Structures are given as structure tokens and as C-alpha cells.
Amino acid sequence: MRKFGIKSSKLRESSQAYFFLAPTIFTIGVFILLPILYALFLSFHEVQLLGGTKYDFIGIENFLNVVDDHRALIALRNTMKYVLIVVPSQTALALILAATLNAGLKGQTFFRIIYFLPTLTSSAVLTLIFMWMYNQNGLINHALEFIGLPTYNWIGDPQIALIAIMIMNIWSTAPFFMTIYLAALQDIPDSLYEAASLDGATAFQKFWYITVPSLRPVTSFVMIIGIIGTFQLFDQSYIFSGGSGGPDNSTLTVVLLIYQYAFKSMGTMGYAAALAFALAIFILIATFIQRKLSKEESLY
Amino acid sequence: MDKNKKTKSIGRPILYIILSLYAIITLIPFLWALSSSFKPLDEIVSGTINFIPKAFTLDNYREIFIQQPLFGRWLFNSLFIATVGTGLNVLFNSMAGYALARLEFAGKKIVFVLVLLVLMIPAQVTLIPNYLILKQLGWLNSYQGMIVPGMVNATFIFMMRQFFINFPKELEESAELDGLSRVGTFFRIVLPLAKPALAAQIIFVFMGFWNNFMQPLIIMSDPEMFTLPLGLNSFKGQYISFWNYIMAASMVFTMPVILIYAFFNRYFIKGVKFTGGK
């Protein structure tokens with residue numbers, strides 16, 4: 001009798017749990033798990049979307065085609081360049097801002113609110129504001145001219161357009177990572193700094209020998225999030241180039257290319273799915289390498 | 001956080017200079033956009049650099065609604081999708097987080113791993129199949145096509161799980177003694193006390209929906225169903241040199257998020273501290 005009671009209460013708890021989890025399981029099942037399998041299926045097929053959807057099995061041809069696709073190589077090169085420059089820059093900037101903000105100055109809250117503005121603003125709005133500032137006759141060129149530096153055709157010059165997007169994104173994402181650093185800075189014991197002061201360490205030495213090493217786990221977290229985010233660059237490139245990835249493919253990113261193949265040209269949806277898989281594997285590898293590197297570093 | 005500590009040395013003025021300089025760098029694009037939104041077209045194209053408009057005007061804000069009759073509709077679409085989507089997320093993520101934190105049930109590990117897995121899958125993988133699934137369901141150009149696939153969020157399920165693990169058990173036990181059911185306890189006792197965690201969630205999920213560009217770009221082809229980011233992009237295409245209009249539209253688009261942030265900010269800082277304590 002008693003045993004039965006326990007069983008039924010267990011059963012009740014299970015059914016309550018599944019009541020609580022039902023929306024989550026439904027959404028993950030239909031819009032994540034099913035799509036992953038579907039994507040795998042698509043990547044081995046040629047897909048035609050005329051009227052109904054038609055699939056032709058072509059084996060691994062989609063994956064092999066990547067090698068001969070010169071736009072895919074350009075997109076990959078642009079994206080890699082973007083990741084390699086933006087991730088370290090935004091991380092360093094975030095760390096410096098957080099350490100400065102954490103120094104116990106007055107007006108900290110005021111600065112925090114201002115710094116948080118770009119995080120709140122949509123990528124579409126930020127991109128439009130920057131395009132307006134990057135205008136040939138715009139604010140940035142005027143400012144450069146004023147201090148005697150050369151001006152650029154920020155949007156139209158293939159040599160410059162990607163750099164223009166990099167600057168914009170370092171500016172807009174660093175403050176978000178700063179807030180993560182700020183939270184972590186609270187956990188560094190004051191005693192470390194006090195001991196260093198007694199030993200006569202300068203502010204910079206304290207930053208370099210206490211703050212930076214103590215934040216290593218956070219730095220690796222910030223880098224991973226940064227890598228994942230930058231690999232997925234899309235909105236800014238799309239709006240900047242009107243969806244083309246131009247001028248001269250200079251702002252073409254992997255995700256923009258996937259979008260173009262999937263939705264803007266006929267019969268290449270399967271190929272786009274294969275590219276998306278390749279990108280996912282790339283991101284996962286980058287994440288693991290980063291995790292491994294930061295683990296080894298923390299041994300020192 | 002407001003403890004006065006660390007550097008109390010000569011570096012103070014330098015620190016203030018760094019902070020102020022970066023504050024200016026952060027503010028300039030916004031101030032420039034705001035200022036441009038109050039200028040007439042001839043002042044915009046003249047290329048003079050003045051932050052205070054010479055001929056201050058509110059016309060741009062009126063004109064965007066007249067020139068582009070759909071602008072109000074886009075605003076509504078964005079508000080509707082973001083509000084409903086955020087409401088569902090807050091409810092469903094909290095429910096899932098609670099179950100994973102507090103209840104014992106068969107298959108708990110599997111569900112937990114499932115949520116973990118979702119965190120690792122880049123959105124691009126599901127992008128194309130999701131489009132085909134929504135097409136099959138007849139949900140292209142619909143609100144549910146935007147809302148339903150995004151009505152739960154693995155990150156916040158984790159956050160809520162963490163929150164409920166640290167949540168005092170005694171409250172629930174006394175509620176149970178008072179004869180409330182598990183479900184009743186959750187909705188009447190637990191959820192109202194989870195406000196700080198919910199506030200952080202509200203800000204980030206609302207922003208996610210509000211700012212999302214790619215999902216509506218793919219599933220909304222009917223201009224009536226555009227959300228603001230999409231509308232803004234097409235607006236830019238039509239009025240390419242009318243930067244006064246584009247900036248006014250951008251400002252209208254930015255306001256709601258700033259208001260939400262201003263309103264929930266005080267809870268939000270507490271909420272973030274909670275996640276920081278992992």
C-alpha cells in the first residue's frame with residue numbers, strides 16, 4: 001500500500017515535470033531537432049523549390065563543390081580575417097574598459113549606462129547610423145580631414161568596406177563583454193591588490209599581474225562567445241552591401257553566402273545546407289581549440 | 001559593486017580621461033543620428049558638421065509615417081511579435097528551468113542534455129530547414145512563424161534553473177502545507193518572487209525579437225508583415241539619400257528598447273549578479 005503511494009507520487013511528479021517542460025520539448029523537437037535532421041538530409045540532395053519541393057539525391061557532391069567555389073573561398077577568407085581582428089580587439093577593449101570602470105571612481109553608474117547603449121540598439125539601426133557617418137561627405141571623413149588624416153570611401157572601396165564593418169562591430173560589442181568582465185572583477189579578492197600595493201606595485205603592474213591572470217577563465221568565455229558571434233556575421237554585411245556582399249565581394253561573409261545560395265538563387269538550397277553544416281563544424285572546432293588553449297594556459 | 005576600492009593613486013585623472021573619451025566615442029554616433037533626424041534635407045546634403053540643427057524641424061518624424069504608410073504597421077508588427085514572444089519565453093523558460101531544478105522525473109538527464117545541445121548548434125544550420133517547415137505549415141508571412149520557433153530559449157532555461165536551485169525550499173514547502181498544488185505553488189508563490197531573474201530575461205529576449213533581422217528577412221516577403229529592421233532596410237533602399245528620414249525612423253525604432261531597459265534596469269543589475277554567481 002505504502003509502496004504504491006510512493007510510486008503514484010513519483011508518477012505525479014513526473015507528469016507535473018512534463019507539464020512544465022511540454023512547451024520546451026515541443027519547440028526544441030519541431031524547430032531544432034527535426035531541422036537538424038532535415039538539414040543533414042538537404043545537404044545530400046539537390047533541392048528544387050518550384051511549386052512543390054523536389055529532392056534529388058546526389059551524395060556528397062554538395063560538400064565536394066565547396067572546394068571549387070571561389071566565392072565560398074572569398075567568403076571564408078573575409079570571415080576569418082574578420083574573426084581574427086575583431087575578437088582580440090573587442091576583448092582587449094572590453095577588459096580595459098571594465099578594469100578602468102572598476103577602479104572605484106565616482107560616476108561609475110553614469111558611464112555604465114552610456115556604454116550600454118550600443119548593446120541595446122539593433123544591428124540594423126547601428127549599421128544605418130554608421131553608413132550615414134561613413135558617407136563620403138559624412139562625419140567621419142570630416143573628422144579625419146580636420147585632424148589632417150586621409151579620408152576614405154568607407155562603403156564603396158573594396159579595400160576598406162570590411163574594415164569599416166570591423167570598426168563598427170568592435171565599437172558595438174565591446175561594451176557588452178565589458179559587463180561580463182565587470183561582474184567577474186567583483187570576485188577578485190581585494191587582499192591580492194593590497195598585498196601588491198605593499199610590495200610597491202604600480203597600477204599597471206597590478207592590472208597586468210593580478211587582474212589579467214585572474215580573469216583568464218572569463219577571457220576564454222568572452223573569446224568563445226566572440227568567435228561564435230563573429231563567425232555568424234550577417235546583418236551588417238547584408239545592410240552595408242544591400243545583400244550583395246559587395247563591393248567586389250569584399251563584405252561577403254559565409255552566412256551571407258549561405259543566405260544567397262539558399263534563398264536568392266535557384267536549385268542551390270541543398271548546397272547552402274551543406275555550407276551551413278561546414279560552418280557549424282568550423283565553429284565547433286574553433287570553440288574546442290579555444291577551450292583547449294585556455295585550459296593549458298591556466299596550468300601556469 | 002559601489003565599494004570604493006583598489007586604485008587610489010595618481011592614476012585617477014587618467015582613468016577619468018579614458019572613461020570620458022570612451023563615453024564620447026559611444027555617444028557621438030547616437031547624437032549625430034538624433035541631430036540628423038531633426039534637420040531638413042538641404043541641411044543634410046550640405047555636408048556641414050553641426051550637432052545642433054540650424055533649422056530644427058520635426059517634419060521628418062511626421063513624413064516617415066506619410067511617405068511610408070506601412071511604417072506604423074511595421075512598428076505594430078515588431079511590438080506585437082516582441083511582446084508576445086517575450087511573454088511566452090518568460091513563462092516557458094521559467095517552467096522548464098523550475099522542472100529541471102526542482103522535480104525528479106524519468107528522462108530528466110535526456111531533457112537536460114537536449115537543452116545543452118541546443119546551446120551548441122549555430123542558428124545557421126536550422127535556418128534553411130526551418131524555412132521549409134514553416135512553408136509547409138503555411139506560416140510564412142505570419143506572426144506565429146516568428147514567435148513559435150523562438151518561444152523558448154536554452155540560455156534562459158539554464159539561467160532559470162540556476163536561479164531555482166538557489167531558491168529557498170521552505171517557501172514551497174509551506175505553500176504545499178497550505179494545500180497548494182505544485183503548479184499552483186509555481187505560479188502563485190515561486191514566479192512572483194523570481195522577478196530579478198525575469199527582468200534580465202525580459203530585456204534580453206525582447207531585444208532579441210525586436211532586433212532580429214535574419215528570421216523576418218527569410219520568412220516575411222509581404223511588406224505588410226515586415227518588422228521594423230526589415231522595413232528600415234527597405235526604407236533605406238527607397239530613400240537612399242534622405243538620411244534625415246532614415247535617421248528619424250532609426251530613432252523611433254530605438255526608443256522602445258531604451259524605455260524597456262530604463263524600466264527594468266534596477267531589477268536587471270540584480271539579475272545579472274545572480275548569473276554571475278555560477
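Is A:Val67 buried or exposed? The legends below take up this residue and then other parts of the structure, which is a predicted model.

**Figure 1. A:Val67 in helix H2 of chain A.** Helix H2 of chain A covers residues 61–68 and contains A:Val67. This residue is exposed, because 9 other C-beta atoms lie within 10 Å, and a residue counts as exposed at 12 or fewer. From A:Val67 to A:Gly245 the C-alpha distance is 20 Å, with 178 residues separating them in sequence.

**Figure 2. The hairpin of strands E1 and E2 of chain A.** Strand E1 (residues 45–48) and strand E2 (residues 54–57) of chain A pair in the antiparallel sense, with four bridges. Five residues lie between the two strands of this hairpin, and A:Gly51 in the turn has a positive phi of about 65°. In a regular strand, side chains alternate between the two faces of the sheet. The covered face of E1(A) carries A:His45 and A:Val47, whereas A:Glu46 and A:Gln48 belong to the uncovered face. Across the pairing, A:Glu46 has A:Asp56 of E2(A) as its bridge partner.

**Figure 3. The largest nonpolar core and its centre of contacts.** The largest nonpolar core comprises 107 residues, and A:Tyr181 and A:Ala276 have the most contacts inside it. Helix H7 of chain A (residues 161–185) supplies the largest share, 13 residues. Beyond its neighbours within four places in sequence, A:Tyr181 is in contact with A:Ala94, A:Leu95, A:Ala98, A:Leu215 and A:Val218. Another core, of 46 residues, lies apart from the largest one and includes B:Met95, B:Ala154, B:Phe163 and B:Ile260.

**Figure 4. Helix H8 of chain B.** Residues 154–165 of chain B form helix H8, which has twelve residues. From first C-alpha to last, the helix reaches 17 Å, close to the 16 Å expected at 1.5 Å a residue. H8(B) is mostly covered, with nine of its twelve residues buried. Among these buried residues are B:Phe156, B:Ile157, B:Phe158, B:Met159 and B:Arg161.

**Figure 5. B:Thr86 in helix H4 of chain B.** B:Thr86 is located in helix H4 of chain B, residues 71–102. When neighbours within four places in sequence are left aside, B:Thr86 is in contact with B:Ile202, B:Val205, B:Phe206 and B:Phe209. The C-alpha atoms of B:Thr86 and B:Ile202 are 6.3 Å apart, although 116 residues separate them along the chain.

**Figure 6. The two domains of chain B.** Chain B is divided into domain 1 (12–62) and domain 2 (69–276). Their C-alpha centres are 32 Å apart. Eleven residues of domain 1 and nine residues of domain 2 make up the contact between them. On the side of domain 1 that touches domain 2, helices H1 (12–37), H2 (41–46) and H3 (59–67) of chain B each give two or more residues. H1(B) gives the most, with four residues. By class, this side of domain 1 has seven nonpolar, three polar and one charged residues.

**Figure 7. The contact between chains A and B.** Chain A contributes 69 residues to the contact and chain B contributes 75 residues. On the side of chain A, helix H1 (residues 2–43) gives the most, with 21 residues. This side of chain A has 51 nonpolar, 15 polar and three charged residues.

Key
Residues are numbered from 1 along each chain as its sequence is written. Chains are lettered from A and ligands numbered from 1 in the order in which they are written. This is a predicted model: local features need pLDDT of at least 70, side-chain atom pairs count only at pLDDT 80 or more; totals for chains, interfaces and linings use all residues. The expected span of a helix is 1.5 Å times one less than its number of residues. A residue is buried if 20 or more other C-beta atoms lie within 10 Å of its own, exposed if 12 or fewer, and partly exposed in between; C-beta atoms are placed from the backbone. Domain bounds come from an automatic or database domain assignment. Two residues are in contact if their C-beta atoms, placed from the backbone, lie within 7 Å. Ala, Val, Leu, Ile, Met, Phe, Trp, Tyr, Cys and Pro count as nonpolar, Asp, Glu, Lys and Arg as charged, and the others, Gly among them, as polar. Two strands pair if DSSP finds at least two bridges between them. A nonpolar core is a set of buried Ala, Val, Leu, Ile, Met, Phe, Trp, Tyr and Cys residues joined through C-beta atoms within 7 Å.
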